[in-house]
Structures are given as C-alpha cells and as structure tokens.
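Student: I've got a structure open on my screen and would like to go through it piece by piece. Can you take my questions as they come?

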Amino acid sequence: MEKGIKILVMMVLACAAISVQAKDVVQLRRNQVGCYPDQEKVIVVEGRNPGSKLRITTPDGKVLKAKSVRRAVSPLSGKTRYVVDLGSLTATGDYRLALGDEACVLHVSERPYHAIATSALRLFYLFRSGVPIEQGGAYNRPLGHPDTRVLIHNSAASPLRPAGTVISSPLGWYDAGDYNKYVVNSAFSIGLMFAVYEQHRDYFATLSTDIPESRNATPDFLDEMMFNLRWLMTMQDPYDGGVYHKLTTPNFEGFVMPVDCKQERYVVAKSVTATLDFAAVMADAARLFEPYQQDYPGFAAQAAAMAMRAYQWAKDHPTAFYRQSQLKEPAVTTGEYGDGYAGDEFFWAASALYRLTGSQQYLDDARQYQPRQFALPSWGYVASLGAFEWLAGKSIEMKDEMLRQLIAFCDDAVKDVATSSFQSPYGNKASNFGWGCLSEQCCCQAMLLLYADKMTGTTKFRRYALQNADYLLGRNATGYCYVTGFGDKSPMHPHHRPSVADGIEPPFPGMLIGGPNPGQQDKGSMHHAVYPSNVPDESYVDDEESYASNEVAINWNASLVAFLCWLDAL
Ligand SMILES: [Ca+2]
Ligand SMILES: [Ca+2]
C-alpha cells in the first residue's frame, strides 16, 4: 500500500512538472524519450476520440490540429483507443500536446536515442562484478563477489578437478536481478551485441561510455565485452575443454549489496549448450579483437584456441544438457537456463568457427543444423546469431538463404500494423506478452527489421522499427516508458538487488525491464505487490517482488543496446 501511494505521488509530481492537473489515468500515450525529425509522429489516446480537441503547439508557438484519427479496439482488452497521426512535425524542439486538462510533451531532435542508447550500454559497467565501481557516480560501490575462491561442485567434478577443488573465476557481469553468472546468458548477450557492433563499427569506434578503459585504443564497447569475456575464459575446464554451465550460490542471495554476500559460490556441471555458446562467442571475439592486440596482447589467438577446444568437447558430449534437479549436496535453486535442444547452438558455433577458420568440418556441421526459418533470438534459441554470421560474413554459402528467411520474417512481422492498437508491429497479440517479452519480442524484432534494411540497402523496415521504439518508450497499454531513468513514467522498483539495497531512490539508469507478463509466475510468492490486470499487455507491476514482469537482465539490456545503438547509428 505504501508503495502504491508513492507511485501515485511520483506521477503527480511528473505531471506537475509540465504544469497540468494531476490524473492517475494518463490518456495521452506517446514516446516519452523522443523522435527523429523524419520519424512518423503518432500518439494514442485512451478511451475517447480527441476529435478536433487535441491541441498541438509547435516549438515556435503555432497551434496545429492532428492530421488524422483512427479508432482501434484492442483484441487483448477490448478497450477502444484512438491512433492519432500528428502530421510530420519535422522541426526540432518540444511539441506540447494538450487534450482537456491533460498535457504532455513530444521531443523531436537529431539524436533522440543517443543518451538512452549510451546508458543502456553503460549499464554493463554498473553490472561488473569482482571490482569496485568507481565511475558509477551515485552508484559507486565497494568490491563484492571477488570469486577468487570458487568451489567445483560435485556435478562438475573431473579427475584433475575433483569436487571441492578451489578455482579462481573472477570478473564478469552479474546476470540479472541476482548475483550469479551464467555462461549461456553471458555468451548470448555478447553475441547479440557483437551482431550490431559488426554492422556499425564506425559508430562504436567513437562511442565513449566513461569506463576505466575509456582512454585506451580499443572501442569502449569492446572493452566492456572483454570484461565479461575474461570471466568466461575461466569457465572452461583447461583439462578437457568443456565449459561449466554457471557460477552460482546454491540459493539466491537476499536483497543486499554485493559486499554483504557471504554464501559459498560454485561452478556446476558442464553443459553442451553453455560449451557451444562459449565456442561461438570466443570465435567471434577472436575475430573482432584481432585489431586490438595493443590493449589485449595474445587474446585473439587464445580465444580461437579455446573456441575450437570447446566445440570439440560439445561434439563429444552432444546430450550433456544441464538438469538442475539432478544437482545434490548442495542442491542448486538459482536460474537454470535449461535447454533440451542444442541444434541451434551447434549452428551458431559451427557458423562462427567456419567464419573464423574456413575449415570444412564446421561448414558441414552448419549445413546439418541450418534452420528452416528465421526466429527471434533468445538465450535458448540462438539460430539467428548463427544466421548473422552468414549475413555479415564474406562467404556466400548460406547468405542468400538466410537473407530470404530474414525478409520473410520481417514481412510477416509488419503485416498488421495499419490496424494495430498502438501502430506498431509489436504488441498486438497475446503471444507478444510473457517473461522478458519487451526484449525478446519488441527489441529483437526491431533489430531484425533494421538488420534486414541494412542487408538490402533499403529503408523499408525502418519506420516499423521506430514504431517499436515508440511502443517501448511509452505508446503502450500501461503508459510506461519501460527503460529506467528515461521518460516521465518509468519503472522505479525493478527486481534488482543493488537497486533495492543501495539506499538510492532511483534504480540504476538504462535498464530494460521484462514487461507485461500474463503468466504472472511470481504471483504466489508476492507479499505485497498486486498485478493491476490480467490483460496480457497490462499485466505489469512496478514492484521489486515482481521478477516475472519487472526484473532486469543482461540479455534484455543486450537487446536494448542492439536496438537503440542501431537507431542512434542511423
Ligand atoms: Ca576504450
Ligand atoms: Ca537451444
């Protein structure tokens, strides 16, 4: 209850800041962060036809009327909304939108996504473990989780590393709202961001994220990836090439700061999926760090060798799936990242290794596991990361087929926009909402649309990708801008231990939260939080108890980086 009152007060303050009367239901839904001058300017009005009553005041004081209004009934809630085309509004500046006693501002600028894209990438610095955070401003914190004394769990024991052996496995990013480090998700996150880096190297070459490595000769983007790669390298058993599935406490820590965490940490069973994801991302890293030997001497060759060894282990253990329920003494209850199908992981790793080495064996394997259609990338299904290897690489073997699949995916994604409730490819079907949907479905879909344009040299899909940005940043069923620290109504209570424990009111900035999730898997464990709705696109609660709708995670932020840095690079 206390929390509910606090949210209401914040909304009142946010509205007061733009001098309008306080209301708890915001009717005007718009991108709260900003738009490009040539981006379409569309808002959505909840419940009532604005007719000619909507006033648009331009930055230089002229009053305009909307260009057109379309009525849309939500297939999810049955609610009636009005999709309002404001016209082109190409001059930069702040446009004031007013309807009755409600008003808001639409920002138009040349680089509307620069600050949020940079913040999304910089978030990975704030997620660094095993080092003190000294360039985090208010979010500075002392070192936690040194991970220099990590135990081999009995599930991970081998003759040369029996159970209880102590290894050192420091650095890397915390995975999510918790403090563990998971190979599958770490490798996936880097792989997804590498795909964007490869398409916009000039952009990333000059992008500074104000990190300890900002003064070296390597792009900060790569420095940040390296911080996690250095940890990943410690997760490979040097004696056989297999990769431990994760580094974890047996149970989640409480909502305390890293420095206060005292539980033993273990590396647990090697898995085929973690090992293949490791192989793929190390092969990519070997290629991408090659020009930066000055800062990272020897890394490229070492990463290539580790990738090949890992791949061979996976070939020798193709059914070594991670089964957390089989772990005993201690049992482990943290994030499982379980996955019973490794064909997509084989495809990604074989494709990455073929690109790196040109060896026939990898080409043969990639062909064997070639997907039949394009699918959204996720930690459990990484075939599209394999497809990126073909699309971005010089080899033409599978490029045409992957491009055909990508275009077919994109054509299908945008086909219903004209009748959609929020004028966007994402957000119109119940299946668009679930755990992590804003990442896996909204951001990743938008990234694929931009990727297709890049590959074909057109701008056909750009406007649709921007529509997903509009959705993500406020033109949606809850009216939230779903990235912390941006917009005038954004999550304040994500399920993220440091943001809860640090005593600072605003959460870490630049975090994408999971989003509306009608599955509500956390409902049974909530003590005070209450979902306000069961409607798929409204099933969201800004409360730290809600790990199913309001958690944060590196793979989700990776998709945010992939999407928004791409937009910013345009
Ligand atoms: Ca740098
Ligand atoms: Ca898989």
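Student: Which helices do the buried residues of α10 pack against?
Tutor: Keep in mind that this is a predicted model. Helix α10 is mostly covered, with nine of its 10 residues buried; among them are L385, F388, W390 and L391. The partners those buried residues pack against are α3 (183-199), α6 (272-288), α8, α9, α11 and α12.

Student: How confident is the predictor in the protein chain, going by its mean pLDDT?
Tutor: Of the chain's residues, 96% reach 70 or more. Residues 1-23 are another matter: the pLDDT there is below 50, and the stretch has 28 contacts in the model beyond near neighbours in sequence. For the protein chain, the mean pLDDT is 95.

Student: Let's look at α11. Where on the helix do its buried residues fall?
Tutor: Helix α11 covers residues 399-413 and reaches 21 Å from its first C-alpha to its last, close to the 21 Å expected at 1.5 Å a residue. Its buried residues are M402, Q405, L406, F409, C410 and A413. Looking down the axis of α11, they sit within an arc of 130 degrees, so they line one face of the helix.

Student: How many disulfides does the count give?
Tutor: A pair has to bring its sulfur atoms within 2.5 Å to count. The cysteine sulfur closest to that of C410 is in C444, 12 Å away, so it is too far for a bond. For C437 the closest is in C442, at 8.3 Å, which is also too far. The count comes to zero disulfides.

Student: On to the metals. What spacing do the donors of the calcium ion (ligand 1) follow along the chain?
Tutor: The ion is coordinated by E213 (O), N216 (OD1), T218 (O), D220 (OD) and D223 (OD), at 2.3 to 2.5 Å. Two of those residues are buried: T218 at 4% relative accessibility and D223 at 1%. Along the chain, the donors follow the spacing E-x2-N-x1-T-x1-D-x2-D.

Student: For the calcium ion (ligand 2), how many residues apart are D339 and G380?
Tutor: This ion is coordinated by D339, Y341, D344, E345 and G380, at 2.4 to 3.1 Å, and the spacing of the donor residues is D-x1-Y-x2-D-E-x34-G. D339 is in the loop between α7 (299-316) and α8 (343-357), while G380 is in the loop between α9 (360-368) and α10 (383-392). The pair links distant parts of the chain, 41 residues apart.

Student: Is V332 buried or exposed?
Tutor: V332 has its place in the loop between α7 and α8. Leaving out residues up to four places away in sequence, V332 touches H153, K246, T248, T249, P250, V268, Y322, Q324 and L327. With a relative accessible area of 7%, below the 20% cut-off, V332 is buried.

Student: What is phi of D147 near?
Tutor: D147 lies in the loop between α2 (114-126) and β9 (150-152), and is buried with a relative accessible area of 6%. Its phi is positive, in a residue other than glycine. The value for D147 is near 55 degrees.

Student: Last one: which residues is S424 in contact with, leaving aside neighbours within four places in sequence?
Tutor: You'll find S424 in the loop between α11 and α12. At 0% relative accessibility, S424 counts as buried. Its contacts are V417, Q467, N468 and Y471.

Note on methods: Residues numbered from 1 in each chain as written. Chains lettered and ligands numbered in written order. Predicted model: local features only at pLDDT ≥ 70, side-chain atom pairs only at ≥ 80, totals over all residues. Heavy atoms only, no water. Donors = N, O, S within 2.8 Å, 3.2 Å for Na, K, Ca; no water. Buried < 20%, exposed > 50% of the residue type's maximum accessible area, 1.4 Å probe, protein only. Helix = DSSP H or I, 4+ residues; strand = E, 2+ residues; numbered from the N terminus. pLDDT = per-residue confidence, 0-100. Contact = heavy atoms within 4.5 Å. Expected span 1.5 Å × (residues − 1). Arc of directions from axis to C-beta.
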